[in-house]
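Reader: I would like to learn how to read a structural model. Please take me through it feature by feature.

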Amino acid sequence: MINNITDPILLEKLIEHLEQFVTEPRKARLQEVLANRTRNVTVVLEDLYQTQNISAVMRTCDCYGVQDAYIVENKNEFIVHQDISMGADKWLTLHQYPNAEHNMKQCIDDLHAKGYTVVATLPDEKKTRIQDIPTDKKIAFLFGTELTGLSDEAKKYADCNALIPMYGFTESFNISNSAAIILSNFSERLRHSETDWRLSESEHQQLYFEWLQKSMRDADSIIRQYLSTHC
């Protein structure tokens, strides 16, 4: 897929060219989904080892209009479980941090540079409830590995901690359930707030360009032929 077009005029011309190869209902559906996409909330998955959990979280992100997911790998390699993700990964922007020293800190540093407040989800924390996380800031929720939770490095560099209130004997939710509950709560509050949560015009266009390519065959060759004759 070609996604390094930085000239907005050229990008617009390429979009107009690609739209000839996509049906009207498909274009309308892409625009409908894009209108509900946001980058004001994202998730970070640290070293999950169960592929079904990773894929379930990505499916949840897509369902709630969350465009980005950050994957930090250490002992466990990132693998998509297609039967569970149902192709959701195709429409998300995935940021991967392969196994390396302090890759979690690097991920958090990158999120801070993009303006995110980083929230560690910890079932034993009693300070902040998910319902009380403000929607007027960009938020990144950290989720740790299934058995031991978030690493010490993640806890150290996160800006704050939060929990999902629970009232039973069980101490924690499954990772995929936690992500679904948190994203449901936060995204609904966000969409009913006064925060400008939608994609910028340039982000919208860039993703539309990428999604058009994913909706057709031989997109690369069609784009290259256009560039060779028009540029």
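Reader: In which sense do β2 and strand β3 pair, and over how many bridges?

Author: Bear in mind that this is a predicted model. Here β2 and β3 (residues 93-97) pair in the parallel sense, and 5 bridges link them.

Reader: Which strand is joined to β2 by 4 bridges?

Author: That is β1 (residues 41-46), and β1 and β2 run parallel. Val43 is the residue that stands opposite Ala69 of β2. Between the two strands the chain passes through α3, and this β-α-β crossover is right-handed.

Reader: Is β4 mostly covered or mostly open?

Author: Strand β4 (residues 116-121) is mostly covered, with 6 of its 6 residues buried. Tyr116, Val118 and Ala120 make up one side, while Thr117, Val119 and Thr121 make up the other.

Reader: Which strands are joined to β4, and by how many bridges?

Author: β5 (residues 138-143) runs parallel to β4 and is joined to it by 5 bridges. In that pairing, Thr117 stands opposite Ile139. β6 also runs parallel to β4, with 3 bridges between them. There, Val119 stands opposite Cys160.

Reader: Next, loops. Is Tyr64 buried, exposed or partly exposed?

Author: Tyr64 is found in the loop between α3 and β2. Buried means under 20% relative accessible area and exposed means over 50%. Tyr64 has 27%, so Tyr64 is partly exposed. Phe173, in the loop between β6 (160-162) and α7 (175-191), is also partly exposed because its relative accessibility is 34%.

Reader: How far apart are Phe173 and Pro123 in sequence and in space?

Author: They are 50 residues apart in sequence and 8.5 Å apart in space, C-alpha to C-alpha. For Tyr64 and Cys231, the figures are 167 residues and 39 Å.

Reader: How is a pocket found, and what is the volume of the second largest pocket?

Author: A probe the size of a water molecule is rolled over the atoms, and this shows where empty space is left. The second largest pocket has a volume of about 260 Å³. Its lining has 13 residues, and those closest to the centre are Arg29, Val33, Arg37, Asp62 and Trp91. α2 (24-34) and α3 (51-63) are the elements that each give two or more residues to this lining. The largest share, 4 residues, comes from α2. By type, the lining divides into 6 nonpolar, 2 polar and 5 charged residues.

Reader: Finally, the whole protein. Why does its radius of gyration agree with that of a compact globule?

Author: A compact globule of 231 residues would have a radius of gyration near 17 Å, and the protein has 19 Å, so the two agree. The C-alpha atoms fill a box of roughly 65 × 40 × 35 Å along the principal axes. There are 9 helices and 6 strands, and buried residues make up 46% of the 231 residues.

Note on methods:
Residues are numbered from 1 along each chain as its sequence is written. This is a predicted model: local features need pLDDT of at least 70, side-chain atom pairs count only at pLDDT 80 or more; totals for chains, interfaces and linings use all residues. Side-chain values use heavy atoms; hydrogens and water are left out. On a 1 Å grid over the protein atoms alone, a cavity is a set of points where a 1.4 Å probe fits but cannot get out, and a pocket is an open set with protein on both sides within 12 Å along at least five of seven lines; lining residues have an atom within 4 Å of a point. Grid points are joined across faces, edges and corners, and a volume is the space filled by probe spheres set on the points. Ala, Val, Leu, Ile, Met, Phe, Trp, Tyr, Cys and Pro count as nonpolar, Asp, Glu, Lys and Arg as charged, and the others, Gly among them, as polar. Two strands pair if DSSP finds at least two bridges between them. A crossover is right-handed if, with the strands pointing away from the viewer, the path from the first strand over the helix to the second runs clockwise. The radius of gyration is taken over C-alpha atoms; the globule rule is 2.2 Å times the number of residues to the power 0.38. Buried means under 20% relative accessible area, exposed over 50%, partly exposed in between (1.4 Å probe, protein chains only).
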